[in-house]
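Here's a quick briefing to read alongside the model. Have the sequence open as you go.

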Amino acid sequence: MKMKKNKARRFLPIAAVFFGILFILAVVVYILTRWVDATYDVDFNTLIYTMLSPLKGTGNSVVDSILQACLPSVIFCLILYIISAFLLCQSRVSVSLSVGAKRRKFDLLKWLRRIGAAACIACLAAACLFCNQVLGIGSWWKNQKQNSTIYEDYYVDPDSVSITLNGEAKNLIYIYLESAETTYASVEEGGAQEVNYIPNMTALAKENISFSDKDGLGGFRPSVGTVWTMGGIFGTTSGLPFAFPIERNEMNKREVFASGVTTLGDILEEYNYHQEFLCGSDSDFGGRRDYFEQHGNYEIFDYYTAIEKGYIASDYYVWWGFEDAILYEIAKDELTRLAAEEQPFNFTFLTVDQHYLDGYVCELCGDEYDVQLANVLACSDRLLADFIDWCKQQDFYEDTVIVISGDHPRMDTTLVDGIDYADRTIYNCFINTDRTIALSEKNREFTTLDMFPTVLSALGFDIEGDRLGLGTDLFSSTKTLAEELGYEYLQQELSKSSLYYISHFA
């Protein structure tokens, strides 16, 4: 009997640790789900790619925010559990209860331990159910088990159609504005704010070509697999969603990035374009370096290049690397160098100051607004306008098309909280193109994928059939897939698995 009691006492700490792990896991799942739901406005597929991206080259804000929001509560619950477990692991506390004419003794702590163990299991189960309900994991998993034929039915391989340059090759300046959506404008202009935080971008859209889903300022809707930076870049330059297996989000670890895909960079390389990609962070993040080097032989200018060329000190590091004020100055220098060469150029660059969470306040940002992101947006808007004005004063401008595009909608909820995701469209603007619009510039239903053939068309390329990838040339009279099939149906099909995608593109 004594031996059984000793074994029971030795078992109690082990059981306490096991159920403690279950309890803390439940707490972490619940708190993280609440934090993600309050912070992000993305689907589970996007969340997976975002969270499983390699941390190298990322800003510290996301990790810091997670720790600040979650760690105190987790530590508090852990301390509470340790105290409770210590008290419950005592040897014995008996109580006497009357059952009819007899009195029986019950080990109160023993029953409380059993109730506690069951509660730990129940907490974990409830947290998982809550996570599934909020993030839609079940729906995502269901889609992964279904196969779509969207690519067999509608994908147009750029190598299978005629793509010819009409006239002299135009230079391309392709500006990806981080998290640039049209909801930052005022309600009067077509946005969702009381104040127009992007007046210069609004003016550029009015003065040039800006395709819209409405009469006022609007833009394109994101497709599945394009609502984070690398996904957006990939979608706008290939006409395909980023739908590689999850583990391949670390594309920088692979020898070949999307070997079966012909992209914007590949096509321009055939026409002897000198191509360069500039960003203010580590270009390895998300596989951006490999993608641009392997699809168009781009030169890469990133955070480390800026150090090598003396733009910033070796120990300089803010936000994700360096801020946009420096980025635009580097862009001017690089464009001046490229323009001095005889061959046409494609200079693509990505801003970063508007990145979640809440954006980065640089020395040029004012404090006109109470919300940090509003000040960042206003500052970014001014920087972009100044850069466009500079471009117009350069000799190369006459032969250059400028494309301004957001990479994806905002991923946190600042300034867009409560706004329907379907109403949050991505900004676009085409400056100095000779193309005329055959169908309509306004009230169009189009997605990230349509930017690929549209950019080529803006440069003067004629595309047989008006479609490349799953995208449609918006300058043409052909309807987009979102218009032909319906946006919701297109999204549903792109959410499913595709054996064709894996076998042909990956």
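This is a predicted model: local features need pLDDT of at least 70, side-chain atom pairs count only at pLDDT 80 or more; totals for chains, interfaces and linings use all residues.

**Overview**

Residues are numbered from 1 along each chain as its sequence is written, and side-chain values use heavy atoms, with hydrogens and water left out.

**Whole protein**

- There are 17 helices and 12 strands (DSSP runs numbered from the N terminus: H or I of at least four residues for helices, E of at least two for strands).
- Of the 506 residues, 55% are buried (under 20% relative accessible area, 1.4 Å probe, protein chains only).
- Among contacts with a separation of 6 or more, 73% join residues 24 or more positions apart (contact means heavy atoms within 4.5 Å).

**Cores**

- The largest nonpolar core has 90 residues, and Tyr151, Phe234, Phe430 and Leu456 touch the most other members (a core is a set of buried Ala, Val, Leu, Ile, Met, Phe, Trp, Tyr and Cys residues joined through side-chain atoms within 4.5 Å).
- Helix H1 (residues 2-39) supplies the largest share of this core, at 12 residues.
- A second, separate core of 57 residues includes Trp319, Trp320, Leu335 and Phe396.

- Just after H14, Gly460 adopts a positive phi of about 105°.
- Leu468 sits in strand S11 (residues 467-468) and, at 0% relative accessibility, counts as buried.
- Leaving out residues up to four places away in sequence, Leu468 touches Val156, Pro158, Val161, Ile163, Gly239, Phe452, Pro453, Leu456 and Ile463.
- Leu468 and Asp159 are 309 residues apart in sequence, yet 9.4 Å apart in space, C-alpha to C-alpha.

**H7 against H13**

- The axes of H7 (residues 199-207) and H13 (residues 372-392) come within 7 Å and cross at roughly 45° (axes are lines fitted to C-alpha atoms, for helices over the stretch in contact, with angles from 0 to 180 degrees between N-to-C directions).
- H7 and H13 are therefore oblique to each other (under 35 degrees is roughly parallel, over 145 roughly antiparallel, 65 to 115 roughly perpendicular, and the rest oblique).
- Pro199, Asn200, Met201 and Leu204 of H7 meet Asp381, Arg382, Leu384, Ala385 and Ile388 of H13.

How values were computed:
Buried means under 20% relative accessible area, exposed over 50%, partly exposed in between (1.4 Å probe, protein chains only).
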